[in-house]
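I wanted a record of what I looked up in this structure and in what order. These are my notes.

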Amino acid sequence: MPDLPAVQPERRTGPLLDHLARRMRLRSESVLTPLGLRPRHLLALTVLRNAGGMSQQALASTLQIDSTNVVGLLNDLESAQLVERRRSPEDRRRHVVFLTEAGMARLHEAECALETAEDEVLEALQPNEREVLYSLLQRATSGWQIICSANEDGS
């Protein structure tokens, strides 16, 4: 029986990215849980910090979630005193959401915990390799464009 050449699997990044994302997600959730946060809470807090506050409707749009779900999310954060809803001075029917001092402090704690989690997951990479990985991922995720191959006349 002749020796068969070793089959080389296709070099696919999808399964590797999926595995890495799963490891990062699980580790991130494990460091956020003791802080009373879930990933969606962290995302909302980050958006509010970066925006300096915004309407509930704008937050729902930014997070790309239904406005009903953003109310539940904000209820969680408000009950933990991490955000505050205030009536809009321009339109009393609207609420503007702001990060509280406690929310800013909790966000800082979460970011430090996530940095440690990321260090653990990416420990096999040197600092310069992590920078390269970050740059490549950033470039890959910013390239979302719809390109139509049909001519303008529909052909």
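The entries below go from the overall layout to the core, the helices, the pocket and some loop residues.

**Entry 1, ground rules.** I am working from a predicted model, in which local features need pLDDT of at least 70, side-chain atom pairs count only at pLDDT 80 or more, and totals for chains, interfaces and linings use all residues. Residues are numbered from 1 along each chain as its sequence is written, and side-chain values use heavy atoms, with hydrogens and water left out.

I looked up the secondary structure and found six helices and three strands. I take helices (H or I, at least four residues) and strands (E, at least two) as DSSP runs, numbered from the N terminus. The order from the N terminus is α-α-β-α-α-β-β-α-α. Of the 155 residues in the protein, 24% are buried; buried means under 20% relative accessible area, exposed over 50%, and partly exposed in between, with a 1.4 Å probe and protein chains only. I also looked up contacts (heavy atoms within 4.5 Å). Among those with a separation of 6 or more, 49% join residues 24 or more positions apart.

I used the nonpolar core as a set of buried Ala, Val, Leu, Ile, Met, Phe, Trp, Tyr and Cys residues joined through side-chain atoms within 4.5 Å. The largest one has 26 residues, and L37, L45, L48, L59, L74, L77 and V83 touch the most other members. Two or more residues each come from α1 (14–32), α2 (39–51), α3 (56–63), α4 (67–79), β3 (95–99) and α5 (101–121). I then checked L77: leaving aside neighbours within four places in sequence, L77 is in contact with L37, H41, A44, L45, L82 and V83.

What does α5 bury, and on which side? The buried residues of α5 are G103, L107, A110, A113, L114, A117 and V121. They lie on the same side of α5 because they cover an arc of only 135 degrees around the axis, taken from the directions from the helix axis to the C-beta atoms. Their cover includes α1, α2 and β3. The face turned away from the buried side carries the exposed residues E101, H108 and E115. With 21 residues, α5 reaches 30 Å between its end C-alpha atoms, close to the 30 Å expected; the expected span is 1.5 Å times one less than the number of residues. In α2, H41, L42, A44, L45, V47 and L48 are buried.

A pocket here is an open set of points on a 1 Å grid over the protein atoms alone, where a 1.4 Å probe fits, with protein on both sides within 12 Å along at least five of seven lines; lining residues have an atom within 4 Å of a point. The largest pocket has a volume of about 540 Å³, the space filled by probe spheres set on the points, which are joined across faces, edges and corners. Its lining has 15 residues, with E118, L122, L133, Y134 and L137 nearest the centre. Two or more lining residues each come from α1, α5 and α6 (127–141), and α6 gives the largest share, seven residues.

Q64, in the loop between α3 and α4, has a positive phi of about 55 degrees although it is not a glycine. Q81 lies in the loop between α4 and β2 (83–87), and its phi is near 60 degrees. Q64 is exposed at 72% relative accessible area, and Q81 is exposed at 58%.
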